[in-house]
Structures are given as structure tokens and as C-alpha cells.
Amino acid sequence: RGFDLGGSVKKNGAFILRPRQSELFVGRGNIAFIGEAAGWISPTSAEGLSYAFESAVALAESLKREPKVVREYRKKSGKLKSKLFLKHLKAPFMYNSVLRKAVMNSGLLSIEIYK
């Protein structure tokens, strides 16, 4: 786009601990948790911002049903929990080099390139 950004000056990395199982604690009584505080974090990408937003929306909708907020929040976040469960199923294939190589070589979900 016309910007000369130059070369990279320095690169950093971080060791990230990924969740091994989907242990979610959405809350109890009058206390509810959203985002990473509740355990909403992707084991495959360590991404949690979209989960924070989605869980916040689920909790906001649950607040309309006042006395049973946490129970309603559990229901409203069911799809989010399913999505996270599927990511936990995918994680071993991404982080085990033998399994990852087998999946990549299988052509599973590959995109055919047309010329």
C-alpha cells in the first residue's frame, strides 16, 4: 500500500500454557464469571477475546432473567461450550507432531487449486 515499514528489528515469543480440558466455572449464587476467568480460552490458539465477548453477551442476556442468572447463563453459553469442546478434540492433532503430520499428509480438508 505504499508504506515502507522496513525490516523486523526484534522478535519476541512467549511460552503459553494451554488448557488441557474444558473446565468451565461460569459462577455460583450471585457471582458469574466471563472470559478467561470462567475458563473460556481456546486450547488451540490460546485466544480468549472473542470468548470473553460471547460469554459477556450470554451473561448480559441472562441478567434479564434475574433470580436465576447463573442457571440461565449456563444455558445461554451452551453453544460456546460446545465450540470449546470441539477445539479440545482438535488440540491433540495440532500439538502432537506425529498426528499433525499424518493429518496434513492425508489431504483432509485440503483446498483444490484451480488453474
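Biologist: Which residues does Ser55 touch, not counting residues up to four places away in sequence?
Modeller: This is a predicted model, and in it Ser55 touches Ile34, Gly35, Trp40, Tyr73 and Leu80.

Biologist: How far apart are Ser55 and Gly35, in sequence and in space?
Modeller: They are 20 residues apart in sequence, and their C-alpha atoms are 6.2 Å apart in space.

Biologist: And is Ser55 buried or exposed?
Modeller: Ser55 is buried, because its relative accessible area is 0% and buried means under 20%.

Biologist: Nice. Where is the place of Ser55?
Modeller: Ser55 is in helix H2, which covers residues 49-62.

Biologist: How do H2 and H4 pack?
Modeller: They pack at an angle of about 155°, and their axes are 11 Å apart. Angles over 145 degrees count as roughly antiparallel, so that is how H2 and H4 are arranged.

Biologist: Which residues meet there?
Modeller: From H2 there are Tyr51, Glu54 and Ser55, and they meet Leu80, Lys83, Leu84 and Lys87 from H4.

Biologist: How many salt bridges does the structure hold?
Modeller: Three. Glu72 forms one with Lys75 (3.9 Å, N to O), and Lys76 forms one with Glu72, with the closest N and O atoms 3.9 Å apart. Glu72, Lys75 and Lys76 are therefore linked in a network.

Biologist: Where do Glu72 and Lys75 lie?
Modeller: Both are in helix H3 (residues 69-76), three residues apart, which is about one turn of the helix. Lys76 and Glu72 also both lie in H3, four residues apart.

Biologist: Is Glu72 buried or exposed?
Modeller: Glu72 is buried, with a relative accessible area of 10%. Lys75 is exposed at 57%, while Lys76 is partly exposed at 38%.

Biologist: New topic: which residues make the nonpolar surface patch?
Modeller: Phe85, Leu86 and Leu89 make that patch, and it is about 310 Å². Leu89 sits in helix H4 (residues 78-95) and counts as partly exposed, at 47% relative accessibility.

Notes: Residues are numbered from 1 along each chain as its sequence is written. This is a predicted model: local features need pLDDT of at least 70, side-chain atom pairs count only at pLDDT 80 or more; totals for chains, interfaces and linings use all residues. Side-chain values use heavy atoms; hydrogens and water are left out. Patches are made of residues with over 30% relative accessible area and no salt bridge: like charges are joined within 9 Å, nonpolar side chains (Val, Leu, Ile, Met, Phe, Trp, Tyr) within 5 Å. Accessible areas come from the Shrake-Rupley method with a 1.4 Å probe; for residues, only the protein chains shown count as cover. A salt bridge is a side-chain nitrogen of Lys or Arg within 4 Å of a carboxyl oxygen of Asp or Glu. Helices (H or I, at least four residues) and strands (E, at least two) are DSSP runs, numbered from the N terminus. Buried means under 20% relative accessible area, exposed over 50%, partly exposed in between (1.4 Å probe, protein chains only). Axes are lines fitted to C-alpha atoms, for helices over the stretch in contact, and angles run from 0 to 180 degrees between N-to-C directions. Angles under 35 degrees count as roughly parallel, over 145 as roughly antiparallel, 65 to 115 as roughly perpendicular and the rest as oblique. Contact means heavy atoms within 4.5 Å.
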